[in-house]
Amino acid sequence: MTSTAPAPMGLRERNKQDKLARIKRAARDLFAKKGFEGATAREICRRARIATGTLFLYARDKRELLFLVFRDEARSMLEEGTARAQSDLPLPEALMEVFGRFLDFYARNPALATVIAGEFFYRTGEPTEMVALTQEFLDRIGGLVERAKARGELRADVETADQVLAFFAHYAFHVQAWLGGGLPDRQQTDLALRRAIELQMQGLAPAPSRNPSSQTPKRSDRRGR
């Protein structure tokens, strides 16, 4: 049985991919340097070495361009975080391998992080792509939760999806609290999130097995019945 090698990418497609890479690189740099509002489409095009009109063949507006940049970053962080969590780390540590990378990303670009949160987490009618990216995030957490259940760290009678949403809710709350000024800095956010995960683990931990021999024997009926 022979395998068919993928067809080589044509020149037109290579040019298209090259332009997209330059656009995303330019947008990432300018968003980080000038913020979402400060970075103009004209500047992005100039840095990417494309005509202004070409930009809108790849993204309808700056918000969609911001998503393209963030999606690449998010997928890279999910890949790195879950790769580090593949070992026998306890679930709280495994979760923080993933969540911590996003906290680090937001700490490096606090102004951009606020824009990302405002544009993608507080607006209704999110695009299908954002929903898909969120599901990728939840699926990654689901893999960690499944392994923890198999090791006996979590209750087997609670659906994995419910446990995933509980942990993700803590992450989302603490990110929002930090970016909104409710938590002072990255370090305090990390500590608060770890504590919340540990408390959630206590609530989802399996009940200890009961040893019948250790139970208090029933009192016998005084009348011998």
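Q: Where does His174 lie?
A: His174 lies in helix H8, where a helix is a DSSP run of H or I with at least four residues, a strand is a run of E with at least two, and both are numbered from the N terminus. Residues are numbered from 1 along each chain as its sequence is written, and the side-chain values use heavy atoms, with hydrogens and water left out. The model is predicted, so that local features need pLDDT of at least 70 and side-chain atom pairs count only at pLDDT 80 or more, whereas totals for chains, interfaces and linings use all residues.

Q: What makes His174 count as buried?
A: The relative accessible area of His174 is 7%, and buried means under 20%, exposed over 50% and partly exposed in between, with a 1.4 Å probe and protein chains only. His174 therefore falls on the buried side of the cut-off.

Q: Which residues is His174 in contact with, leaving aside its neighbours within four places in sequence?
A: Contact means heavy atoms within 4.5 Å, and by that rule His174 is in contact with Leu183, Thr189, Ala192, Leu193 and Ala196. Ala192 is 18 residues from His174 in sequence, and their C-alpha atoms are 7.5 Å apart in space.

Q: How do you know that the side chain of His174 and the backbone oxygen of His170 make a polar contact?
A: A polar contact is a pair of N or O atoms within 3.5 Å; within protein, one must be able to donate a hydrogen and the other to accept it, and residues adjacent in sequence count only if both atoms are side-chain atoms. The backbone oxygen of His170 lies 2.7 Å from a polar atom of the His174 side chain, a value that is within the limit.

Q: What caps the N-terminal end of H9?
A: The cap is Asp185, with a side-chain oxygen 3.3 Å from the backbone nitrogen of Gln187.

Q: How does the reach of H9 compare with the span expected at 1.5 Å a residue?
A: Helix H9, residues 186-204, has 19 residues and reaches 27 Å from its first C-alpha to its last, close to the expected 27 Å, the expected span being 1.5 Å times one less than the number of residues. Helix H7, with 23 residues, reaches 33 Å, close to the 33 Å expected.

Q: Why do the buried residues of H9 line one face of the helix?
A: The buried residues of H9 are Thr189, Asp190, Leu193, Ala196, Ile197, Met201 and Leu204. Seen down the axis of H9, these residues fall within an arc of 145 degrees, so they line one face; the arc is that of the directions from the helix axis to the C-beta atoms. Helices H5 (91-108) and H8 (160-179) are included in what covers them, while the face turned away from the buried side carries the exposed residues Gln187 and Gln202.

Q: Why does Phe137 count as buried?
A: Phe137, which lies in helix H7, has a relative accessibility of 7% and therefore counts as buried. Leaving aside neighbours within four places in sequence, Phe137 is in contact with Leu78, Val98, Phe99, Phe102, Phe168 and Tyr171. The C-alpha atoms of Phe137 and Arg75 are 8.4 Å apart, although 62 residues separate the two along the chain.

Q: What makes Lys24 count as buried?
A: Lys24 lies in helix H1, residues 11-38, and its relative accessible area is 13%, which is why it is called buried. Not counting residues up to four places away in sequence, Lys24 touches Leu68, Val69 and Asp72.

Q: Why does Arg49 count as exposed?
A: Arg49 counts as exposed because its relative accessibility is 62%. This residue lies in the loop between helix H2 (41-48) and helix H3 (52-55), and Arg49 has a positive phi of about 65 degrees although it is not a glycine.

Q: Which residue with a positive phi follows H7?
A: H7 is followed by Gly152, whose phi is near 85 degrees.

Q: How many helices and how many strands does the protein have?
A: The secondary structure comes to nine helices and zero strands. Of the 225 residues of the protein, 38% count as buried. Among contacts between residues at least 6 apart in sequence, 66% join residues at least 24 apart.
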